[in-house]
Each structure stands twice: as C-alpha cells, then as structure tokens.
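Here is a short briefing on one protein model. Take a look at the fold before reading on.

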Amino acid sequence: MADDIRILMCPPDHYDVDYVINPWMEGNIHKSSQERAVEQWKKLHQTIKECAIVDLVKPAKGWPDMVFTANAGLVLGENVVLSRFYHKERQGEEPYFKAWFEENGFTVYELPQDLPFEGAGDALFDREGRWLWAGYGFRSELDSHPYIAKWLDTEVVSLRLIDERFYHLDTCFCPLSGGYLLYYPPAFDAYSNRVIEMRIPPEKRIIVEELDAVNFACNAVNVNEIIIMNLVSRTLKDKLAEAGFTVRETPLTEFLKAGGAAKCLTLRVTEPILEDVHATVSIESRVIRMEGHLLDAGILNQALDLVVENSGSFRVLNFNLGVERNSTSSAEVRVSAPSHQIMEEIMTELIDLGAVPPPQELCDINTETVIQAGVAPDDFYVSTIYPTEVRVNCEWVQVTGQRMDAAIVVTSNPPSARCVLLRDLQVGDRVMVGVEGIRTIKKVESHDGGARKENKEFAFMAAGVSSERRVELLVEQIAWEMRQIRDQGGKIVVTAGPVVIHTGGAQHLSHLVREGYVHALLGGNAIAVHDIEQATMGTSLGVDMQRGIPVRGGHRHHLKIINTVRRYGGIHEAVEAGFISKGVMYECVKNNVPYCLAGSIRDDGPLPDTEMDLVQAQGCYSELIQGADMILMLSSMLHSIGVGNMTPSGVKMVCVDINPAVVTKLSDRGSVESVGVVTDVGLFLSLLVRQLQQLTRPYSLNETF
C-alpha cells in the first residue's frame with residue numbers, strides 16, 4: 001500500500017439515478033439497483049484500500065450523485081478549488097464538500113457563482129506533476145482555468161471536449177504513472193488533440209478504441225503501476241501490460257447508468273508538487289461588441305457558433321434587443337480561447353461578422369513597421385473582400401483598394417489606410433497587426449427590404465450552388481441584371497476559360513461583346529488561341545466544331561495559329577490585317593473591349609499578347625476589374641479564383657462550371673451577391689443570349705421585377 005496516496009470516497013447510501021443530466025442517464029431513472037450499487041462500491045473501496053489510504057465523506061440525503069467525489073473539487077497540496085456545479089441537481093453538494101475540506105485542514109478557494117467548474121472530473125494532473133490537464137466544453141468553463149492556475153500555482157493545459165457522451169475529462173482521459181496517457185482521441189477537437197500530441201510522445205500515448213471508451217476504460221484510478229477500472233478488452237489490457245501496468249477490473253455497471261465509474265467515484269487528495277512548476281496559463285479573453293439585426297439575421301448565433309467551433313468559449317455580458325421592427329440590437333460578449341493563436345483566428349472571423357471592441361477600449365491601432373521590402377511583419381492582418389475600416393488617431397478610417405489576401409498599410413497624417421499586396425510593401429510602411437482596431441462593414445438588410453431592390457433580387461439567387469433544374473430561372477435573373485448594368489452605364493467583366501470555345505460558346509460570348517454586355521475580358525493564353533483556331537480553321541483542339549469529330553492533323557492547328565499570330569505581331573494586328581474576321585477576340589478588338597491574357601507554364605507559344613510575367617498579369621487583372629458591377633466566371637477555375645481574391649464584396653458574381661466542386665469553391669466567398677451555376681457553359685451562354693434577345697422593349701431605370 002502507498003502510504004503517501006490518499007483518496008476520498010463517499011458511500012452510496014443515497015445513490016440512485018433520479019434525473020437526467022448526461023446521456024448515460026437517459027432511460028435509467030430509478031433503474032439502478034441499490035443493493036448491487038453498494039456491493040460494487042464496496043469492492044472498489046476494498047481494491048483501492050489495498051494500494052492507498054481511503055478517506056470517507058458522509059453522504060447527504062437528497063444528493064444522490066455525491067457518491068461521485070471526483071467532482072467535489074481539485075486538490076493540490078493543502079489548497080483546493082471547490083467545484084461550481086453546472087446543473088442545479090448537483091449544486092447542493094457544494095457546502096458538504098466544502099465542510100469536509102475545511103475540517104481536514106485544506107484552504108478552500110471558491111469560484112464565482114456563475115462560473116462552472118466540476119473539480120477533478122474536469123481537471124487531471126499529469127502523474128509526474130508537470131502540469132494540469134483541464135477540460136471544458138460541457139460542464140466546466142474555460143474562464144475557470146486562469147483562477148485554477150493562480151490559486152494552485154500550476155501550469156494549466158486546456159482541452160476542449162466535443163462528444164457529449166464524454167462530458168467530463170476523466171471519462172475519456174487518464175494520465176498514468178511514468179508519463180503515459182490513456183485516452184480516447186475522438187472525444188476532443190482537433191486543436192486539443194494537437195496539444196496532447198505535442199505534450200506526450202507517441203510511445204507514451206495509449207489510445208483507447210470506442211468499445212473500451214464507452215465502458216469507461218479511461219475512467220480509471222491509477223496508483224503507481226496499478227490501474228483500477230470497470231471493464232477492459234484483452235487488447236487494451238495487453239497494451240497496458242506492455243507499458244508495465246497491472247489492470248484490476250472491478251464491475252461498476254450500476255454507476256455507469258449515471259455516467260460514472262472508478263475515477264468518478266474517487267478524488268485523490270494528495271498530488272505531487274514540483275518546486276519548479278508555477279502558474280502558467282495560455283488562455284486569452286477579449287470583449288467584443290456586435291450591432292445590427294442580431295437575432296432575425298442570425299448574426300449572433302453565427303458568432304457564438306463560430307467561437308465554439310474554433311475551440312473557444314463565450315459569455316454574453318450585455319444584450320439589448322431592438323424593440324421595434326426596424327430597430328437594431330446590440331450585444332457585448334466575452335470571448336475566451338485556449339491560446340493566443342486560437343484567439344486571433346476567432347477574432348479574424350468575428351471581424352468578418354462585424355464584431356468590434358467596445359468603443360471605450362480602443363483608440364490607437366496596432367501596427368508594426370516593414371523592415372524588409374516585400375515582407376510583412378509577423379501576425380499581420382490579412383484583408384478580406386468586405387469593406388473594412390481601421391482605427392487611426394482614435395477614429396475609423398475606410399480602407400481603400402479593398403481586396404482579399406493583402407496587408408493593410410496605414411498613415412497617421414492625414415489618417416489613411418489601403419490594401420497592399422505583400423510584394424508591394426516598402427520599408428517604412430506601417431502595417432496593421434493582430435485584430436485590434438479593425439472592423440468590417442456589411443449591408444444591413446431591413447425587415448421590409450430596405451436594401452436596394454436590385455441587390456435583393458440578385459440575392460434571391462444566392463442560395464449556394466444551383467443545379468440544372470434552376471438554370472433557366474437563374475439565366476432570366478442574370479439577363480435582367482446584365483441589361484440593367486449595361487443600360488445604366490455599369491461595367492461587366494468576363495473571366496473565361498477555353499472550355500467556352502470547346503463547348504460551342506464562342507458565338508454567344510462574341511454576341512455579348514458585340515452588344516455591349518462585356519467591358520473587359522480576362523483569361524489565359526488558351527482561350528484566345530482556341531477562339532482564333534475556331535474562327536479561322538473551324539476547329540477547337542483539332543475537333544471540327546460543326547461535325548464534332550477530330551480532323552486529321554488537327555492537333556497541330558493551335559500551334560499553327562500561334563505561329564501565324566506571332567508573325568503578325570499580335571491579335572490586334574492579325575485582326576487589322578484581316579486574318580481574324582470573327583470570334584471573341586475579333587469582337588474585343590473591333591469594339592475596343594480591353595482584355596488581359598495571363599500566361600502559365602503549360603502555354604504553347606505563347607501568343608504575343610499573353611503576359612508571361614505573373615506579377616504583371618495580376619496587376620493587369622486588378623486594373624481591369626476596378627469598378628466592376630458584375631463578373632461572369634465561365635469555366636476557368638484558376639483565373640476565376642485569382643479574380644475573386646482581387647474583388648471586394650458588393651460585386652455581383654456568376655460562377656458557371658459543369659463541375660460542382662469548382663462552382664462551390666468560386667461562389668463560397670461569403671458574399672450575398674454571388675451565385676454558382678452547375679451546367680455546361682456553352683448551354684448557359686446560349687440561354688443567356690436568347691434571354692437577352694427577348695428583352696426587346698426599352699429598359700426603364702425605375703422598372704422592378
């Protein structure tokens with residue numbers, strides 16, 4: 001017997017399943033046998049007494065779960081953090097456990113009443129005394145961990161539980177002597193599993209399969225080389241034996257009905273203390289403010305779900321509900337995360353939802369100076385498509401040149417901010433770092449459709465990716481939008497791939513250019529080559545476009561086209577010389593529609609017009625999309641993704657491709673002005689042209705539809 005190990009237990013005199021506060025209790029109310037429960041508890045008590053000293057706390061009538069002493073509190077040395085139970089069904093246990101601790105000479109620390117923490121059920125010391133593993137997610141709050149670290153002067157490592165069956169840390173996680181760990185990885189989120197793997201080497205991690213996990217194999221009592229548990233498979237027993245442990249099984253089926261086993265029924269009140277281990281906790285908390293139609297637009301739910309899904313926790317501090325139909329609501333929320341990195345990730349996404357720090361907490365911005373051209377400071381803020389403002393000289397300043405994946409450079413006199421690509425950063429530029437002092441501005445949809453009518457109509461289509469059955473309806477809507485933009489002097493940009501030509505869409509795209517529906521064309525070397533091939537030789541990729549069959553020697557056609565255009569000196573010159581007399585590129589030249597062809601490593605030739613300098617091509621694309629009201633992305637994933645990254649929120653986007661995965665990737669940008677259409681691009685263009693031709697009557701600026 002280990003004379004230096006003491007364990008607290010409580011006899012099951014009043015034990016029963018009287019209520020449901022975890023999944024294991026479902027269907028088991030009053031189905032536990034008191035006689036068998038006492039018998040099983042006594043066997044566990046005797047087994048533990050053979051290897052440790054057992055102390056008893058007197059059970060109190062009316063509190064059936066008091067038998068699970070692991071939840072009484074967390075003990076280290078002579079100090080104990082008393083539990084604050086999450087459910088009212090157990091809160092009455094607190095004074096009884098407090099009295100026992102005080103009577104036995106412990107200094108008791110008590111958390112705020114509204115801050116749940118369920119003792120050693122959710123906090124387990126590394127058996128070598130190096131740190132404390134602390135769980136959160138169901139019964140204990142992340143915000144309790146800094147208190148524990150301070151009061152017990154120990155390092156706290158936070159782990160988030162995600163499987164409601166394993167509602168306490170000790171149900172799926174058991175530190176063992178010698179630095180070993182017995183645990184069930186699916187009970188934790190990805191971040192927590194990474195933390196575990198960083199702390200415990202592979203040879204020390206003993207992974208439990210689900211069959212053992214649901215029998216609470218991890219809910220075990222470890223005393224030196226002995227492990228006491230309810231039930232264990234032969235495979236797991238062999239693994240433990242290989243690590244030098246002896247397993248003692250003792251049935252605890254009556255207690256499993258309440259969601260507990262060996263560890264739940266015990267509390268170790270003697271834990272090793274290392275002189276060189278002191279309070280450390282990586283938890284970070286911030287207060288954010290949100291305003292708008294938080295409930296009816298679902299913004300608050302989105303924000304809170306986002307926090308939890310990213311391993312954080314939250315607490316709503318204040319909430320003011322708008323009392324009238326068009327009134328906005330406001331909320332202040334305390335957000336906590338297990339590390340600075342996770343907090344930055346959470347805050348970056350919350351900013352996209354419009355979250356900002358409370359006004360009184362923010363004045364000056366966080367910036368760092370560029371010391372190497374083309375290299376941003378660490379932790380620089382990465383811009384998004386949404387209109388953004390930053391705090392400069394205690395006021396909000398609009399960021400210009402809004403686009404995705406850039407840094408934000410600010411100046412103080414006069415206050416200004418602009419998006420700058422990494423490669424364009426200059427020494428001395430002040431770049432926004434972190435997430436403080438940044439907010440995004442989003443359109444507020446009123447209850448009566450207060451947003452602009454045309455935006456609302458276009459948003460009607462923005463229900464994600466649309467399949468064939470909706471193509472005609474969507475084309476009708478898109479045609480109206482294009483007609484409106486053209487007649488009001490707006491700008492439509494087309495990003496197109498060679499599939500447009502291969503599927504017979506060249507004549508339709510040519511029509512759009514000729515009729516003034518295209519104001520800039522973006523693509524690559526291939527669309528121009530195959531468009532000219534079809535216009536001059538009747539083939540595309542060597543396939544006869546009329547008969548749909550390969551032409552002898554057709555695989556050389558595109559190279560002949562490239563060679564001929566190079567001889568003329570470029571597309572414009574080939575058009576003027578009469579070599580090109582129809583097609584998309586012909587219409588662009590004849591109608592003064594600017595185009596930019598971005599090259600790639602796979603390009604043949606290329607054409608003289610193709611920009612093979614990637615940086616120059618990006619700049620050309622960026623220039624041509626300035627002021628765009630709509631962008632049609634036609635079967636060109638890579639070029640379209642590039643365009644999407646350059647385009648701010650508010651620009652209507654139509655992404656068309658036969659591959660749903662491509663459309664999803666292009667349209668999933670968080671903008672309500674985007675729609676994805678899964679269909680053949682040639683079919684889409686033919687339907688679009690047909691619909692536009694039906695709009696023969698003059699368009700009225702006041703017309704609605």
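The notes below go from the whole protein to one strand and then to one residue.

This is a predicted model, so local features need pLDDT of at least 70, side-chain atom pairs count only at pLDDT 80 or more, and totals for chains, interfaces and linings use all residues. Residues are numbered from 1 along each chain as its sequence is written, and side-chain values use heavy atoms, with hydrogens and water left out.

**Whole protein**

- The protein has 22 helices and 36 strands. Helices (H or I, at least four residues) and strands (E, at least two) are DSSP runs, numbered from the N terminus.
- The C-alpha trace spans about 100 × 60 × 50 Å along its principal axes.
- The radius of gyration is 33 Å, while a compact globule of 705 residues would have one near 27 Å. This radius is taken over C-alpha atoms, and the globule rule is 2.2 Å times the number of residues to the power 0.38.
- Of the 705 residues, 55% count as buried. Buried means under 20% relative accessible area, exposed means over 50%, and partly exposed lies in between (1.4 Å probe, protein chains only).
- Take the contacts between residues at least 6 apart in sequence: 69% of them join residues at least 24 apart. Contact means heavy atoms within 4.5 Å.

- Lys652, Val654 and Val656 point one way from S35. Met653, Cys655 and Asp657 point the other way.
- Strand S34 (residues 630-634) runs parallel to S35, joined by 5 bridges. Two strands pair if DSSP finds at least two bridges between them.
- Met633 has Cys655 in S35 as its bridge partner.
- On the way from S34 to S35 comes helix H20 (residues 637-646), and the three make a right-handed β-α-β unit. Right-handed means that, with the strands pointing away from the viewer, the path from the first strand over the helix to the second runs clockwise.
- S35 also pairs with strand S36 (residues 674-678), in the parallel sense and over 5 bridges. Here Asp657 stands opposite Val678.

**Arg234**

- Arg234 lies in helix H7 (residues 234-242).
- Arg234 is exposed, because its relative accessible area is 55%.
- Arg234 and Thr253 are 19 residues apart in sequence and 19 Å apart in space, C-alpha to C-alpha.
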